[in-house]
Amino acid sequence: MKVENTQVQMRKGILEFCILEIISRGEVYASDMLEELTAAKMIVVEGTLYPLLTRLKNAGLLDYSWVESTSGPPRKYYTLTETGRTFLDQLRETWGELVASTEFIIHNKKAQQS
């Protein structure tokens, strides 16, 4: 078993959460999302981002608007819908619980003594 495979699966598992967090800050262009996700080592190819954005939009979590650009074609900027904000709040709660549970297991001295 390769550790890289597990690492990729862990990143995939929280990628939607990270995308929603980025969009929650305000209107965001896909290439800006990709840049931040790449810098955070969460994603490396844009072919992963666009299908996720489409799925999140189809689920009613995102909306977008076209904005004219002075340097080329119009750009699609994403925002969260109210449903998306509620969904993100639930994910934040789940994330906090997962972090706490994982930290408990990692640092459980009682189990290490057994």
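This is a predicted model: local features need pLDDT of at least 70, side-chain atom pairs count only at pLDDT 80 or more; totals for chains, interfaces and linings use all residues.
Residues are numbered from 1 along each chain as its sequence is written.

The protein chain holds five helices and three strands. Both are DSSP runs, numbered from the N terminus: helices are H or I with at least four residues, strands are E with at least two. Read from the N terminus, the order of elements is α-β-α-α-β-β-α-α. The protein chain is more spread out than a compact globule, because its radius of gyration is 17 Å, well over the 13 Å that the globule rule gives for 114 residues. That radius is taken over C-alpha atoms, and the rule is 2.2 Å times the number of residues to the power 0.38. The C-alpha trace spans about 65 × 30 × 20 Å along its principal axes.

Of the 114 residues, 24% count as buried. Buried means under 20% relative accessible area, exposed over 50%, and partly exposed in between, with a 1.4 Å probe and protein chains only. The accessible surface of the protein chain is about 8100 Å², and carbon and sulfur atoms contribute 56% of it. Accessible areas come from the Shrake-Rupley method with a 1.4 Å probe; for residues, only the protein chains shown count as cover. Among contacts with a separation of 6 or more, 48% link residues 24 or more positions apart. A contact means heavy atoms within 4.5 Å.

The three strands form an open sheet in the order E1-E3-E2, with antiparallel pairing. Strands E1 (28–29) and E2 (62–69) are the edges, and each pairs on one side only. Two strands pair if DSSP finds at least two bridges between them. E1 and E3 (residues 72–80) are joined in the antiparallel sense over two bridges. Val28 stands opposite Tyr78 in E3, and Tyr29 has Tyr77 as its bridge partner in E3. E2 and E3 run antiparallel and share seven bridges. A hairpin of two residues connects E2 to E3. On this side of the sheet, Tyr64 stands opposite Tyr78 in E3, and Trp66 is bridged to Lys76 in E3.

Helix packing comes next. Helix H3 (residues 46–58) lies across E2 and E3, and runs at about 120 degrees to E2. Axes are lines fitted to C-alpha atoms, for helices over the stretch in contact, and angles run from 0 to 180 degrees between N-to-C directions. H3 also packs with helix H1 (residues 3–24), at an angle of about 75 degrees and with the axes 11 Å apart. H1 is therefore roughly perpendicular to H3, a term for angles of 65 to 115 degrees. Leu15, Glu16, Ile19, Leu20 and Ile23 in H1 meet Thr48, Leu49, Leu52, Leu53, Arg55 and Leu56 in H3.

Most residues other than glycine have a negative phi. Lys41 is not a glycine, yet has a positive phi of about 60 degrees. Lys41 lies in the loop between helix H2 (30–39) and H3. Lys41 is exposed, with a relative accessible area of 62%.

Terms used
Side-chain values use heavy atoms; hydrogens and water are left out. Angles under 35 degrees count as roughly parallel, over 145 as roughly antiparallel, 65 to 115 as roughly perpendicular and the rest as oblique.
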